[in-house]
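This briefing is meant for a reader who is meeting the structure for the first time. Please keep the sequence and the 3D view at hand while going through the points below.

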Amino acid sequence: MAEDKLPKRSEDFSAWYNEIVTRAELAEHSPVRGCMVIRPNGYGIWELMQQALDRMFKDTGHVNAYFPLFIPQSFITREAAHVEGFAPELAVVTHGGGKELEEPLVVRPTSETIIYSMYAKWVQSYRDLPILMNQWANVVRWEMRTRLFLRTMEFLWQEGHTAHETEQQAEEETLRMLGVYRTFMEEYLAMPAVTGLKTDSERFAGALRTYSTEVLMQDNKALQNGTSHNLGQNFAKVFGLQFQSREGSLEYAWNTSWGVSTRMVGGLIMTHSDDNGLVTPPRVAPIQLVIVPIFKTDAEKLTVMEAAEEVFRIIKAAGVRVKLDDRDSMSPGSKFYDWELKGVPLRMEIGPKDVEKNTVVIVPRVELSQEEAPKPGKKQKLFISRTELLARIPQLLDRLQSQLYENAKARREANSIRNVTSYDQVKELVARDAGFIYAGWCGSAECEAKVKEETKATIRVIPFPEFQSAEKPSHCVVCGGSAKHEVIWSKAY
RNA sequence: CGGGGCGUGGCUCAGCCUGGUAGAGCACCUGGUUCGGGACCAGGGGGUCGGAGGUUCGAAUCCUCUCGCCCCGACCA
C-alpha cells in the first residue's frame, strides 16, 4: 500500500491539519466556496459533543426550541452595535418565489434579534421569567478566508438565549454556562480551557460583557471555542422585551446568550492529534475500540473470527462503541495505519496466538503512563486476558481520556509564560510563537491595538482568578502605566 | 479584498516552454496466493486536461476572462 505519510506538525502545521481533516474523512470542501461537507467520521464526533452538551443544558434547566433561518433585515439593524458588528458578514436573500422581496431576509448569523422579538410576546410579568432556552442550528457568516471546521461560512452550533429579571441573575447565568462549557471541554474533549473576560474590542456586538474559553493549540496559537455573553438590556430595549416586576413597575429583561460550534471539532484535532493522524478522546470517539483479526490459514481464520466476534458482542453489550474490522482485502498492518489515522482510541489485535492463550493485544492510540512502558522504539502493547476484558476496556478508555487531558494541560503549562514585564520580550515571545503570554495591561484600547498592530497577538482574555499569576503585574507591559489587569496575549485562530 | 502558488482519471503528479488529439504511481474491480506494522501476481474499468471565449488546419499546451483551492496579510466563532 505504501500510503504517503502526513506532513509533520513541526514542518507545516496547516498542511498537517488539512490532511488530517480530509484523510481521516472528517470533512471536505463543498462546491460552494467556504462551505464544508461534514462526513460521518466528523459528524459522529459532533453528535457526541451535542449529546453531552444537550444533557448538560437540560441539567441546568434549559429547554430546546427552534427559531427560523430567515430574519427580517430590519431586525438586525435595530441594535446599533449588533448591526455594525455583523453587517459585513451577512448573507441576504433578496428574491423568493421568482419575485423580489419587499423586505430582504437575512440568513441568520446568530439569532438574538429574532429570539428576543419572540420573547417579547411571551413575557408579561416576572412570573414568566427566567426563560432558559437553547437551539441547535446552522448559521451563516460571510467569511473572506475559511478553513475546514475552524472558519466556514456556514457552521453548526448551539445558541442559548435567556431572559432574567435582574442583571445579577443574567450575570450568574452567563458565568454558569461558561462553566458548563469549560467542564464539557475538560471532561469530554480533554481540552484544558482558560476562562476569562474579553476586552471591549473583542466583545460580542451588542453585549455588555463577553466571556470565553481559550484553548492553546499545538502550534501555540489560541482557539476561542466557546463564548458566553451578558447582553444586558440592549436587545430587550430594542425589541420591547418588558415585564411587570414584583413591585409593579415595567422593566426591561436582562438577556444572555452563549454558544459553541463545530469549530470545537477543529480545536479537538489541533489539541490532541499527532504525526500519525487524528487522536480522539474516548468520550467523543464514534468508534472507541476497533478489533483487527489476524490469521494466515483458513483454519486460523475460522477460530480467530469466532473469537473476534465473541469479543465484539461482549464489548458492545457493555456499551462500548466497538467495530470489528473484517475487511479481507487489507493486511492487518495496513489496518493499523488506517485506524491510527482515523483516531480510534484503542486497537485490539486477535490472532492465533491470542486465541490459544485466551488473550488479546490492546494498543492505545496514545501511550498510557499508568501502563507498562513499551520497549524502546515500539508501540505500547498490552496483553490482556479475555476474562479481564470487561473490566479493563472501560478502564483503559478512562485512562486514555485522562492521559490526553494531562498531556494537553502539561503542554499548555509548558507554553504559558508568566510575569513578562518588557514589551521587547513580548515581541520576541510572540515572534517565536511562545504560547500564552501573561502580562500587565493598563486597560487602554490604544495599548491593545498597538500590540496587535506590531505583533499580531491579541488579548485573548482577562483570565479569571484561578488562572492569574501568583504575583500580580504592577505595570502595563506596553506603556508602563499602572496595570489594571493581568491579561493573556497570544496569536489566535 | 491585496500578494504569491496551484487546478490534468478517486488521490499525488508528469506532459505545457518548442501545439499534432493524454501518461505514471497509488487507489478501485475480477481471480488466485497472502495476512502479528503499510502483501504479491495476472487481468480490467475509469480522465478531453477547473469553466467560458479566442488564435490555429489542429489547443491540456498559446491568449483573454472567469471559478475554485492552498499559503501570507486585513476581518472574524
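**Lead points**

Sorted by class, the surface near RNA strand B is made up of 12 nonpolar, 11 polar and 19 charged residues. The model is a predicted one, and every value given here is computed from it.

**The surface near RNA strand B**

- RNA strand B has 42 residues around it, and those that come nearest are Arg145, Arg151, Thr152, Arg263 and Asp354.
- The largest share, 6 residues, comes from α10.
- At glycine 351, a backbone N or O atom is found 3.3 Å from a base oxygen of RNA strand B.

**The nonpolar cores**

- The largest nonpolar core holds 45 residues, among which Met49, Phe149, Phe184, Met185, Leu189, Met264 and Ile269 touch the most other members. At least two residues of this core come from each of α1, α2 (40–59), α6 (167–187), β14 (254–261) and α8 (263–272), and α2 gives the most, with 8 residues.
- There is also a second, separate core of 29 residues, which includes Ala190, Leu346, Ile384 and Leu400.
- When residues up to four places away in sequence are not counted, phenylalanine 149 touches Tyr17, Val21, Leu26, Ala27, Met36, Ile38, Thr262, Arg263, Val265, Gly266 and Ile269.

- Histidine 272 has its place in helix α8, and it counts as buried because its relative accessibility is 8%, which is under the 20% limit.
- The side chain of histidine 272 reaches the backbone oxygen of alanine 190 at 3.3 Å, although the two residues are 82 residues apart in sequence, with their C-alpha atoms 8.6 Å apart in space.
- Neighbours within four places in sequence left aside, histidine 272 is in contact with Leu189, Ala190, Met191, Gln218, Val279, Pro281, Leu404 and Ala408.

**Arginine 399 and its surroundings**

- Arginine 399 lies in helix α12, which covers residues 389–414, and its side chain is joined to that of glutamine 370 by a polar contact of 2.8 Å.
- Not counting residues up to four places away in sequence, arginine 399 touches Leu368, Gln370, Glu371 and Arg392.

**The cysteines**

- The structure holds 0 disulfides. For cysteine 476, the closest cysteine sulfur is that of cysteine 479, and the two sulfur atoms are too far apart for a bond because 3.7 Å separates them, whereas a disulfide needs a pair within 2.5 Å.
- Cysteine 476 has a relative accessibility of 3% and therefore counts as buried; cysteine 35, at 16% relative accessibility, counts as buried too.

Definitions and conventions
Residues numbered from 1 in each chain as written. Chains lettered and ligands numbered in written order. Predicted model: local features only at pLDDT ≥ 70, side-chain atom pairs only at ≥ 80, totals over all residues. Heavy atoms only, no water. Near = heavy atom within 4 Å. Polar contact = N/O pair within 3.5 Å; in protein donor to acceptor, adjacent residues only side chain to side chain. Helix = DSSP H or I, 4+ residues; strand = E, 2+ residues; numbered from the N terminus. Nonpolar A, V, L, I, M, F, W, Y, C, P; charged D, E, K, R; others polar. Buried < 20%, exposed > 50% of the residue type's maximum accessible area, 1.4 Å probe, protein only. Core = buried A, V, L, I, M, F, W, Y, C linked by side-chain atoms within 4.5 Å. Contact = heavy atoms within 4.5 Å.
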